[in-house]
Amino acid sequence: MEDLSTPETPPERRSGRIGIGLALDSVHFKILDVLRTQGRISVAALAERVGVSRANAYTRLEALRADGVINGFSARVDHTRVGLEICALIFVTVRQELWKQFRTALAQMPEVEYCAVTTGQHDAMIQIRVADVSAVHRLVTDRLSTIPAVRATETVIILDEVLRRPYVLPSAPRSSETTAGTPQDTSGTSQFGMTRFIRAAEGRADLQRTSDPEE
């Protein structure tokens, strides 16, 4: 893809900026929101959902991919349909001098879906998916606990996954449409640029009063 970055853009990545040198705006976040649930949507349909032209949607999508904001696409699998009925969290206390061994051993366990280094009582949290509770027991006692780097473990079985999103977006994304100097909507009226709009229901009475001559 052609490099569209400007000469003024430094080589290091700026948080919240895309490859074409523009700050992420509300349209970019709308695109990401649509892709969160419809990763295979066509560019034409994406443009219609977001409210921009097809060319605009394509340019923005390619820029998001080129800059690494979108770093890949993948399928989401129903774990119960493939036989992985049980999800569990395993909290691990690691011997600090053996972190490298712990990471290496963990990478060899296909049951591990996610692992994070944490603060608090434990050093790491592992999320696993297996067929049944006995598989959880075998993984913890026969494999995980035998790793010299592991000092102790605590296992929690997930009873119900209430909410799982592919990714999270800012709850109030920055938007170029709203700034500190933009007049706010008041009493049935709103202003865009130099044009004043009056809602029919709330503003008709006020409009009538201003148009009638004084008695």
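Is Arg143 buried, partly exposed or exposed? Arg143 counts as partly exposed, at 31% relative accessibility (buried is under 20% relative accessible area, exposed over 50%, partly exposed in between; 1.4 Å probe, protein chains only).

This is a predicted model, in which local features need pLDDT of at least 70 and side-chain atom pairs count only at pLDDT 80 or more, while totals for chains, interfaces and linings use all residues. Residues are numbered from 1 along each chain as its sequence is written, and side-chain values use heavy atoms, with hydrogens and water left out.

**Salt bridges**

- The whole structure holds seven salt bridges (a side-chain nitrogen of Lys or Arg within 4 Å of a carboxyl oxygen of Asp or Glu).
- Side chains of opposite charge can pair when their charged atoms come close.
- Helices (H or I, at least four residues) and strands (E, at least two) are DSSP runs, numbered from the N terminus.
- Arg65 and Glu62 form another salt bridge, their closest N and O atoms being 3.4 Å apart.
- Both residues belong to helix H3 (residues 54–67), three residues apart, about one turn of the helix.
- Arg65 is partly exposed at 43%, whereas Glu62 is buried at 18%.

**A salt-bridge network**

- Glu113, Arg129, Glu161 and Arg164 are linked in a network of salt bridges.
- Within it, Glu161 meets Arg164 at 3.2 Å, N to O.
- Glu161 is partly exposed, with a relative accessible area of 36%.

**The sheet**

- Four strands form an open sheet in the order S2-S3-S1-S4, with antiparallel pairing (strands pair if DSSP finds at least two bridges between them).
- S2 and strand S4 (150–158) are the edge strands, each with a single partner, so one side of each has no neighbour in the sheet.
- Neighbouring strands are turned by 20 degrees against each other on average, direction ignored.
- S2 and strand S3 (residues 124–130) pair antiparallel over five bridges.
- Val112 has Ile128 of S3 as its bridge partner.

**Helices on the sheet**

- H4 lies across strand S1 (86–94), S2, S3 and S4, at about 160 degrees to S2.
- H5 packs on the sheet and touches S1, S3 and S4, its direction making about 20 degrees with that of S1.
- Contact means heavy atoms within 4.5 Å.
- Axes are lines fitted to C-alpha atoms, for helices over the stretch in contact, and angles run from 0 to 180 degrees between N-to-C directions.
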